[in-house]
Amino acid sequence: MADEQAPRPQVGLFVTCLVDFFRPGIGFASVELLEQAGCQVTVPEAQSCCGQPAYNSGDLADTAGLARQVIENFAAFDYVVAPSGSCAGQIKKYPDLFETGSAWRRRAEDLAGRTYEILSFLDEVMQIEPPRSDFSGRVTYHDSCSGLRQLGIKDQPRRLLSGSPALELNELSESETCCGFGGTFCVKYPDISTRMVNDKTDDILATGAETVLGGDLGCLMNIAGRLKRRGAPVKVRHAVEVLAGHTSEPAIGDEEEAG
Amino acid sequence: MSEQRAEILRRVQQALGRQKAPSVDIAAADLETRLTDNLPRPEWNTDSLSRFCERLEAAAGSHARVSSINEVPRAVGDYLENLETDGHKTGLSPHPRLTELDWPEDLGIDREFANARTWGTAIAVGYMGIAETGSVVMPSGPTRPTTLNFLPDRHIVVLAIEDIVDYMESVWDRLLAEGEMPRTVNVITGPSRTADVEQTLQLGAHGPRSLHVILVG
Amino acid sequence: MAVAEADFRARARKALSDEDLQSALAKAKGGFVDKRANAILDLPEFEALRERGRQIKDHTLAHLDTYLEQFEGNVTRQGGQVHYALDAESARETILGICRDAAAKQVIKAKTMAGEEVGLNEALEAEFETVESDLGEYIIQLAKEPPSHIIAPAVHKTRAQITELFDHHHHQKSGGPLRETPDLVDEARGVLREKFLGADIGISGANFLVAETGTITLVTNEGNADLSTSLPRVHIAIAGVEKLVPSMREVSSMLRLLARSATGQQITAYTTFITGARRPEDLDGPEELHVVLIDNGRTRMLGDEFREMLRCIRCGACMNHCPVYSAIGGHAYGWVYPGPMGAVLTPMFRGLDSSQDLPNACTLNGRCQSVCPVKIRLPYLIRRLRDQSFEQQITGPFARWAIRTWGWLARRPALYQQLTGLMRPALRLFGRGSARRVPLAGAWTAGRDFPLPSGKGTFQQQWREKRGEKRT
């Protein structure tokens with residue numbers, strides 16, 4: 001690790017549109033963890049979305065427009081970190097949007113090389129010790145597909161969570177199966193998506209977990225929404241909330257304290 | 001017909017951006033540069049014979065061992081003794097290593113290939129065995145008619161232990177060194193099976209219900 | 001087979017509420033996945049083998065002209081004939097012509113996806129007594145249905161349905177008691193044995209074509225392809241031009257990949273290599289061998305970015321690991337190739353305008369690519385089809401407008417943040433924590449509650465407040 005004189009790594013937080021809008025607490029937990037790890041965190045104001053909805057709908061022009069925006073606004077950082085495997089994964093795909101040899105392509109490649117999903121960043125780049133937390137209870141972990149298959153995120157969150165001695169992790173029986181979110185898929189094909197998330201929640205219930213953790217808010221909202229509809233009292237949280245000790249905030253989709 | 005041939009070749013070459021096919025040697029050189037691994041294949045830490053027997057059993061085949069070819073009729077008798085043959089005959093593949101043997105009367109061996117469709121059991125000679133998969137290799141020819149591998153309920157294959165090789169590639173090396181590919185090579189691993197009814201494994205779909213290998217040596 | 005891609009949504013909905021189908025799919029689901037996982041344990045270098053498979057196929061495709069000519073030369077030398085068919089119609093006509101020339105009455109078929117692709121069965125059935133010999137294919141032939149899986153065509157049928165089909169077709173009765181699997185398999189064996197013995201023509205597909213020797217490779221577990229190709233007078237094999245591999249050495253590697261990926265076996269019960277027609281000294285085997293090589297859209301793919309799809313060896317691993325396939329089964333995809341590989345091939349072969357749902361009905365979760373034995377980037381190809389759909393305006397006008405409007409807004413972060421900042425409090429009026437219904441979110445709330453925004457404002461609003469910055 002860096003010695004004391006070394007400058008602190010400059011990290012630009014890519015908040016992601018879902019976290020910004022639906023669950024700001026994930027953003028704050030991320031900032032806290034990054035600062036604890038010794039990073040200097042900046043949140044560029046000019047950011048919205050990584051462009052996945054356009055990219056996965058075949059709208060390459062708008063995706064490239066958004067990519068240029070992210071490339072410009074995150075040019076100054078040593079690292080760009082997002083609390084989402086799929087958004088970080090999308091930024092890593094930007095080079096494909098630009099012609100080989102072009103200046104934008106080079107800049108996109110440079111950005112892709114500096115971009116990380118937060119859990120793998122903390123574990124592999126900052127190599128932090130698993131944060132001590134007094135979180136207790138039975139949990140299970142949903143590996144989101146982009147993180148798992150595009151970025152190879154599987155052991156990192158589990159290593160980080162191992163710092164909570166009272167946390168008991170029960171793995172899902174089909175931990176590598178998609179939850180049915182799929183971005184626009186879940187609203188384009190709601191019947192199929194519902195069936196998939198129902199299967200996923202069956203597996204979650206079978207683990208006996210009180211809380212489901214994961215690293216992608218889209219999947220977590222999908223899972224939380226289905227659990228709520230089924231009346232299942234399982235809580236759903238982003239892993240950074242547990243790691244930062246932010247579990248007094250109601251879980252995803254849960255009612256907030258009055259006042 | 002030949003127009004369609006020409007058109008397909010034209011389209012292939014258009015897609016590949018050329019007008020003349022590279023020679024087989026040029027193609028082979030390209031393949032060689034692409035294949036940089038050490039030919040990934042299963043490995044095992046027992047001897048070839050043990051691996052062969054283990055894989056054959058895993059595929060629901062059975063085996064017995066005799067020390068010389070002359071003991072094969074007795075081994076066949078032992079195998080058939082406790083099986084329900086419904087009066088169906090046992091037939092011999094027209095292979096000299098089998099036909100020259102001394103077959104006891106009570107086995108009622110039929111040597112007439114023309115009757116093969118009525119046989120309940122067929123005895124044939126395996127060309128080679130593959131340890132990797134527990135397979136017997138049956139190239140077609142006058143001493144090894146293909147249909148005998150499939151029509152009878154019970155298939156008995158006599159296989160010399162020295163003919164067991166580790167991998168399938170060695171089969172092609174030997175066959176092609178001896179000449180052309182025969183009309184058919186059947187690589188057989190256990191009896192016929194299907195899982196088409198509710199993914200439940202059931203032996204004896206269309207081919208033999210059992211495969212018994214008599215290992216010689 | 002009739003093409004009905006356009007009704008994907010309706011078929012998917014029907015499939016989801018079909019109890020028999022769901023029970024059959026539930027039985028199949030874990031089996032394929034677990035068997036494959038166990039089978040690759042025996043081969044620690046499976047990843048290296050996948051790379052080898054990819055290289056072998058890429059190499060062959062890049063030298064397809066060389067290998068086509070070599071294959072044809074060797075088949076001909078060994079007494080067989082090679083025919084070429086540009087499209088489905090000429091493939092059917094070529095095969096019908098061979099059957100007519102042989103004065104055939106009965107045809108026995110082993111499973112062939114290329115045959116399904118060109119609609120061979122309907123054409124044959126109009127002129128000849130045609131029987132499918134793969135048990136799964138036989139079951140769906142009796143049911144007059146297309147296959148729902150490329151290696152387990154009757155995977156959607158329950159034992160009760162198969163009992164009913166056999167009772168009806170073999171015994172002209174119905175409503176009998178549920179029959180056991182061995183009983184059903186035995187009965188089919190008896191019925192089909194007669195068909196094998198009586199057939200004049202045997203038709204098969206090909207899993208691989210070996211250029212160096214002119215060899216057709218067939219894999220089965222039942223032995224049906226072997227009886228189909230050794231008893232009748234004439235053997236016809238139909239295959240796509242992409243089935244070629246250079247030599248017997250490469251086919252050995254490809255077979256290791258295929259068996260593990262398809263059925264989770266190290267090798268199938270019968271792996272058969274056919275080279276030419278019966279030799280003068282042979283005691284059995286067909287007198288004629290015809291190989292019908294089809295293009296049907298393949299050479300177009302060879303020339304564009306979809307070339308890698310031609311690496312496909314039709315193992316079915318992509319659909320076995322696809323959560324969408326396992327929810328709706330194969331028939332919902334509307335054509336012969338279901339699942340992820342079908343989501344690419346159907347638009348390629350039948351046109352994107354009639355099948356635009358297929359590449360969209362995918363979560364891009366990528367599991368298919370991770371199990372593909374020849375490393376086809378299925379999610380990438382599926383997404384490229386969405387690009388084409390958007391570009392060619394096959395994507396509907398409302399969807400295009402919605403995505404473009406959103407894209408316009410997202411490229412103006414200040415405006416975007418103002419709007420989202422206003423929307424948050426509005427949304428929070430619909431419930432506490434989550435809502436059962438929210439305007440314009442009917443597709444979401446049909447099956448799940450809608451988690452409402454939490455906290456005191458967007459992250460950006462709170463961040464600014466916290467840092468004591470003023471809004472500009």
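In the hairpin formed by strands E5 and E6 of chain B, four residues lie between the strands, and Gly134(B) adopts a positive phi near 70°. The structure is a predicted model, in which local features need pLDDT of at least 70, side-chain atom pairs count only at pLDDT 80 or more, and totals for chains, interfaces and linings use all residues. Residues are numbered from 1 along each chain as its sequence is written, chains are lettered from A and ligands numbered from 1 in the order in which they are written, and side-chain values use heavy atoms, with hydrogens and water left out.

Strands (E, at least two residues) and helices (H or I, at least four) are DSSP runs numbered from the N terminus, and two strands pair if DSSP finds at least two bridges between them. E5(B) (residues 128-130) meets E6(B) in the antiparallel sense over three bridges, with Val137(B) as the bridge partner of Met128(B). E6(B) also pairs with E9(B) (residues 184-188), again antiparallel, over four bridges; here Val136(B) stands opposite Ile188(B).

How much of E6(B) (residues 135-139) is covered? Five of its five residues are buried, that is, under 20% relative accessible area with a 1.4 Å probe, protein chains only (exposed is over 50%, partly exposed in between). In a regular strand the side chains alternate between the two faces of the sheet. On one side of E6(B) sit Ser135(B), Val137(B) and Pro139(B), on the other Val136(B) and Met138(B).

Turning to chain A, four strands build an open parallel sheet in the order E2-E1-E3-E4. Its edges are E2(A) (40-42) and E4(A) (115-117), each pairing on one side only. Neighbouring strands are turned by 30° against each other on average, direction ignored. E3(A) (residues 79-82) is joined to E4(A) by three bridges, and Ala82(A) has Glu117(A) as its bridge partner. Helix H5(A) (residues 85-92) packs on this sheet, touching E3(A) and E4(A) (contact: heavy atoms within 4.5 Å), and its direction makes about 160° with that of E4(A). Axes are lines fitted to C-alpha atoms, for helices over the stretch in contact, with angles from 0 to 180 degrees between N-to-C directions. Helix H6(A) (residues 103-114) lies across E3(A) and E4(A), at about 35° to E4(A).

Finally, the nonpolar cores (buried Ala, Val, Leu, Ile, Met, Phe, Trp, Tyr and Cys joined through side-chain atoms within 4.5 Å). The largest has 121 residues, with Ile192(A), Phe273(C), Met309(C) and Ile328(C) making the most contacts inside it. Helix H12(C) (residues 248-262) gives the most to this core, seven residues. Apart from it lies another core of 62 residues, including Val11(A) and Phe22(A).
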